[in-house]
Amino acid sequence: MSPVSRGRKRKPKKSGRKTVRRPPSVRDVHLPDLPIDEEVDEETADRWAFVMPHGSATIDGERVDWLDPADPDERSLLIQAEHPEFAEYLADSSWHGEVDGTNPRFHLTMHEVIANQLWADEPPEVWRAAKRLREKGMERHDILHELAGVMAEHMQPTMLRGEPFDEDAYRRALDGLASPGQG
């Protein structure tokens, strides 16, 4: 069964909310109109455009143009659409394993964690690290993988030994990523 229904249109805008268009300086990516409660500055628009440069996707062979990257569930579908190599495995809920050494479900989960952190700018060190890596010429998807690697490394003690997540260590590691003086 397709994760989207044919004929579904963009959600209606809630009354009393402003539609904010992307600033003219963010021209290289698609950032659809987003219903939000306040004006969006250029830095926020740049961050959101980095998180999700696509306002449409092809899922199960169907092109959908109504997905809203501000909605975490719809953002998840957009992330999934960026990984068509995993589609057949994800379609089978009983399938468990790896594809070319990667667990597709864990991989997409890490993408979502980083996307959600970037979208909310929490912690802000994630976006600062992403910008440093981008300034060094790294491609967007590779940046997301680099950030996810840092998160996975810091999640490991929590997942394997039940230790509390050390957010301070995570923030320090992000601050050290592509810092001046590092490659």
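Among contacts in the chain (heavy atoms within 4.5 Å) between residues at least 6 apart in sequence, 53% join residues at least 24 apart. The structure is a predicted model, in which local features need pLDDT of at least 70 and side-chain atom pairs count only at pLDDT 80 or more, while totals for chains, interfaces and linings use all residues. Residues are numbered from 1 along each chain as its sequence is written, and side-chain values use heavy atoms, with hydrogens and water left out.

Seven helices and four strands make up the elements of the chain; helices are DSSP runs of H or I with at least four residues, strands are runs of E with at least two, and both are numbered from the N terminus. Read from the N terminus on, the order is β-β-α-β-β-α-α-α-α-α-α. The chain has 183 residues, of which 40% count as buried; buried means under 20% relative accessible area, exposed over 50%, and partly exposed in between, with a 1.4 Å probe and protein chains only.

Two packed helices are described by the angle between their axes and the distance between the axes. Here, axes are lines fitted to C-alpha atoms, for helices over the stretch in contact, and angles run from 0 to 180 degrees between N-to-C directions. Angles under 35 degrees count as roughly parallel, over 145 as roughly antiparallel, 65 to 115 as roughly perpendicular and the rest as oblique.

Helix α4 (residues 104–120) takes part in a contact with helix α2 (residues 72–81), and the two axes come within 10 Å and cross at roughly 130°. This angle makes α2 oblique to α4. The crossing of the two helices is right-handed; a crossing is right-handed if the near helix is turned clockwise from the far one by less than a right angle, and left-handed if anticlockwise. On the α2 side, the contact is made by Arg 75, Ser 76, Ile 79 and Gln 80, and on the α4 side by Leu 108, His 111, Glu 112, Ala 115, Asn 116 and Trp 119. By class, these are four nonpolar, four polar and two charged residues. In this scheme Ala, Val, Leu, Ile, Met, Phe, Trp, Tyr, Cys and Pro count as nonpolar, Asp, Glu, Lys and Arg as charged, and the others, Gly among them, as polar.

Within α2, Gln 80 is partly exposed, at 28% relative accessibility. Leaving aside neighbours within four places in sequence, Gln 80 is in contact with Leu 90 and Leu 108. Gln 80 and His 107 are 27 residues apart in sequence, and their C-alpha atoms are 10.0 Å apart in space.

Helix α4 also meets helix α6 (residues 140–161), with axes that come within 9 Å and cross at roughly 105°. That makes α4 roughly perpendicular to α6. The α4 residues Phe 106, His 107, Met 110, His 111, Val 113, Ile 114, Gln 117 and Leu 118 meet His 141, Leu 144, His 145, Leu 147, Ala 148, Met 151, Ala 152, Met 155 and Met 159 of α6. This contact has twelve nonpolar, five polar and no charged residues.

In a further pair, the axes of α5 and helix α7 (residues 167–176) come within 8 Å and cross at roughly 20°. That makes α5 roughly parallel to α7, and the crossing is left-handed. Pro 124, Glu 125, Val 126, Arg 128, Ala 129 and Arg 132 in α5 meet Tyr 170, Arg 171, Leu 174, Asp 175 and Gly 176 in α7. By class, the contact has five nonpolar, one polar and five charged residues. Arg 172, in helix α7, is exposed, with a relative accessible area of 56%. Arg 172 and Glu 125 lie 47 residues apart in sequence and 8.3 Å apart in space, C-alpha to C-alpha.

The backbone deserves a look too. Most residues other than glycine have a negative phi, and most peptide bonds are trans. In the loop between α3 (87–91) and α4, Asp 100 has a positive phi, near 50°. Asp 100 counts as exposed, at 81% relative accessibility. The loop between α4 and α5 holds Asp 121, with a positive phi near 55°. Asp 121 is partly exposed, with a relative accessible area of 26%. Pro 123 is found in the loop between α4 and α5 (124–135), and the peptide bond from Glu 122 to Pro 123 is cis, with omega near 0°.
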